[in-house]
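I open this notebook to keep track of what I looked up, entry by entry.

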Amino acid sequence: KDVLAAQSREAISIFKAKDPSIERFFNQSYGYAVIPKVFKGGFFIGGAYGKGEVYEQGKMVGFCSMSQASLGFSFGGEFFREIIFFRDRTDMDSFKAEEYTFAAQATAVAITAGAAAKADYKAGMAVFIMADSGLMVDASIGGQKFNYIAKKE
């Protein structure tokens, strides 16, 4: 858990350094999930998995895991980082209360300088991804599934 916390802090710092305009999401969102290292791989059928931390009103309240499956032309492997911001308490509670699923390819913004300034919430969330390393050709469709586990006090 200490390693995950350090990786999450590092991911947040890297996102802010790459695009300072993302700061508005940290300031305005009710909460967010940080998944500092997601591995994605595929050979026609693809998959991805990562673990992260969940923050509510700036306080770490739990953990999440993300799994992704895709079907289509997918070849190779890569690591990426992901942050999901929740607009309000209702959106955050929805994420925490059940297995949360969405089509990541349709909603994610690849972080570049100034990208967050133009981004907005869709269905109560804003999703940002940043490639870390690897090489992957991906023309597939799929979705991400999340599980939330509350932090033990």
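**Entry 1, the model.** I noted that this is a predicted model, in which local features need pLDDT of at least 70 and side-chain atom pairs count only at pLDDT 80 or more, while totals for chains, interfaces and linings use all residues. Residues are numbered from 1 along each chain as its sequence is written, and side-chain values use heavy atoms, with hydrogens and water left out.

I looked up the pLDDT, the predictor's confidence in each residue, from 0 to 100, and found a chain mean of 81, with 76% of the residues at 70 or more. Over residues 136-141 the pLDDT is below 50, although this stretch has 25 contacts in the model beyond near neighbours in sequence, a contact being heavy atoms within 4.5 Å. I keep in mind that where pLDDT is low, the predicted coordinates should not be read in detail.

Helices (H or I, at least four residues) and strands (E, at least two) are DSSP runs, numbered from the N terminus. Helix H1, residues 2-18, has Leu4, Ala5, Ser8, Ala11, Ile12 and Phe15 as its buried residues. They sit on the same side of H1, because they cover an arc of only 125 degrees around the axis, the arc being that of the directions from the helix axis to the C-beta atoms. On the face turned away from that buried side I found the exposed residues Asp2, Val3, Arg9 and Ala17.

**Entry 4, salt bridges.** A salt bridge is a side-chain nitrogen of Lys or Arg within 4 Å of a carboxyl oxygen of Asp or Glu, and by this rule I have a count of four. One of them joins Lys16 to Glu23, with the closest N and O atoms 3.4 Å apart; Lys16 is partly exposed at 29%, and Glu23 is partly exposed at 30%. In another, Lys96 and Glu56 meet at 2.6 Å, N to O. Lys96 lies in helix H3 (residues 89-97) and Glu56 in strand E1 (residues 31-56), so this pair ties together parts that are 40 residues apart in sequence. Lys96 is partly exposed at 24%, whereas Glu56 is buried at 12%.

Which residues does Ser65 touch, leaving aside its neighbours within four places in sequence? I listed Tyr49, Gly50, Lys51, Lys145, Phe146 and Asn147, and noted that Ser65, in strand E2 (residues 59-86), is buried at 17% relative accessibility.

Conventions
Buried means under 20% relative accessible area, exposed over 50%, partly exposed in between (1.4 Å probe, protein chains only).
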